[in-house]
Protein chains: 2
Amino acid sequence: MPSLHFTNQVDATLIKIIEGGSYNRVAVLVDGNTRQLVLPRVQSLANAHVIEMPAGDINKNLDSLAHVWEQLQLGGMTRHSLLVNLGGGVVTDLGGLAAATFKRGISFVNVPTTLLGAVDAAVGGKTGINFGGLKNEIGVFASAAAVVVSTCFFSTLPQQELMSGFAEMLKHAMLDSESQVEKILGVDLNDIDCDLLLSMLQESLNVKMRIVHQDPTEHGIRKALNLGHTVGHAFESKAMNEGAPIPHGYAVAWGLVVEAVLSHMLLGFSSEMLYRLASFVKSNYGAFYITCDHYDELINLMRHDKKTIDGEINCTLLSTCGNPIINNTITTDNIKAALDIYRDLMGI
Amino acid sequence: MPSLHFTNQVDATLIKIIEGGSYNRVAVLVDGNTRQLVLPRVQSLANAHVIEMPAGDINKNLDSLAHVWEQLQLGGMTRHSLLVNLGGGVVTDLGGLAAATFKRGISFVNVPTTLLGAVDAAVGGKTGINFGGLKNEIGVFASAAAVVVSTCFFSTLPQQELMSGFAEMLKHAMLDSESQVEKILGVDLNDIDCDLLLSMLQESLNVKMRIVHQDPTEHGIRKALNLGHTVGHAFESKAMNEGAPIPHGYAVAWGLVVEAVLSHMLLGFSSEMLYRLASFVKSNYGAFYITCDHYDELINLMRHDKKTIDGEINCTLLSTCGNPIINNTITTDNIKAALDIYRDLMGI
């Protein structure tokens, strides 16, 4: 498990990590955005060997991975060297895989520069690239030596990116307790300061770490972290197929509503909490527009989810906030009924 | 750690492994040779999805790896599927890496079809490909679910390949005890039956497993398994650079002699045992021809070994058979003196 540092003193923290590890060389992986906007603000990496990959999920591929390997060689990295991944989820996922496979594994540190990257990708030991048209098809489980989580880089991000990360924080709160959910629902997302966000992020990642710690390689309880994602991924794929992609976190927010409906139908999840969640999501994320003509397409997409076994739709639900139940088998009738209620709740 | 099966009943063993694992699909990785000569003899894989890669170390590269990933996708492999690697070290190293990274890791079973593959590559959790001109530059530590070791495939191998594997068995014996070394030195390599070889192979791999078990990721005592390899790799690289490659095991056999000389010089390793080892190697492997004009070139090659730290030559030596000492720093004067004695012992 990595050491987790929640701090807005990134430089001082990185210096301690780098000195403490006695690394013979340090490389830093950036994309075009973080090279320009973030790297110049991190003095502790001024002498690191800079490796740049093109930004965007479309570049989270084998070509970029091979490029990072080449650059690690050219920079003279050995088994005693360190790679710092400075970027969003694409950079930390791909950089983590590059480090975990270079010379059978060198140390890496993640410094996520987006809220979604911090809450979703940088912590938890999943690394990967897309391959053959499938997301994260190639990868390994590998733990960063350290993760430095700071909100000081988020001020330059578009509001939509912050909202996207916040949806994953809502998910963690739902997995943790009613009181954490209350805290999230009480936040004004248009006016949140970076210190409050940092402390909320710390609580959120503690929930995730607690679950990952119990089941690092996702054979059991870690599947709880897929809450909202079975339906969310189907929304995301549908939007992608129509050439109008939606941000991952928005898909998760809508997916959380549908899966809360399923939780109510199948496990007695509180209807009052369901209404409050739906109302929060509707006012902050709007709604993903569907009609009953789209149900079959969505069900098909859910059947092709990576977690599916033998074509049965399988998802994590909640009996209450803080009580996830994994491996619920969902019938197509269940899904159709839940989508009906989702449309009602969202007013579409 | 994998379950290790020493058996000449490969089919019955594979059937038990496959049924015991409840895999939803099975793929088998072969090269051109094992597809033709070995696969038809393994009925238990008759229905497996066959993936073929080109034979030879030169094809242990990223192109072959990507091809295997594509084929795993095309064959519909999921996280609950199995890859059987049926071949020598190239197939088990590359197939192990492909499986360990496909969907963040599916199960794999190694069935080595060469003696060198059985003793060197199939067991121990190292996977990898060559990259950027360096051997095994990209890889992970990943344990096979099972390894099925059989000598029944070895009858079609050239004698040189058997000799090559036998050198690694000599190395394991030297790491274990004087009595194991006696057993090895007493074998007539031109007339060994497959049941005796299987039982010797089992003893040899038990030595390796005992060491790997103590230090799977090679931070300490696992370096003992590099005995003979610091000098051996230098011989191998020199031969390669001159366009006259030598088999890996032969390089190891000669390397073992030089490192036994160093062990005698620096750690008081018995001169009697040294003479007997040298005589066994000379009569079974011949000698690698060098003059004192080659010393500087060889020393340079040793300095570029993957295990080198800051250009100091570092190797494992023995105080006695069964007592390896890792991380000995060797001066250039030591090496030159040892190479002089090696040439004397080998009569060159």
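What rotation superposes chain A on chain B? Here are a few close-ups of this predicted model. Local features need pLDDT of at least 70, side-chain atom pairs count only at pLDDT 80 or more, and totals for chains, interfaces and linings use all residues. Residues are numbered from 1 along each chain as its sequence is written, while chains are lettered from A in the order in which they are written.

**View 1. The rotation axis relating chain A and chain B.**

**View 2. The contact between chain A and chain B.** Each side is given by residues in contact (C-beta atoms, placed from the backbone, within 7 Å): 20 residues from chain A and 20 residues from chain B. On the chain A side, helix H3 (62-74), helix H4 (89-101) and strand E7 (134-138) each supply at least two residues; helices (H or I, at least four residues) and strands (E, at least two) are DSSP runs, numbered from the N terminus. H3(A) gives the largest share, five residues. The copies meet through the same surface, because 100% of the interface residues of chain A are also interface residues in chain B.

**View 3. Domain 1 and domain 2 of chain A.** An automatic or database domain assignment gives domain 1 (3-157) and domain 2 (160-346). Their centres, taken over C-alpha atoms, are 27 Å apart.

Notes: Contact = placed C-beta atoms within 7 Å. Least-squares fit on C-alpha atoms with pLDDT ≥ 70 in both.
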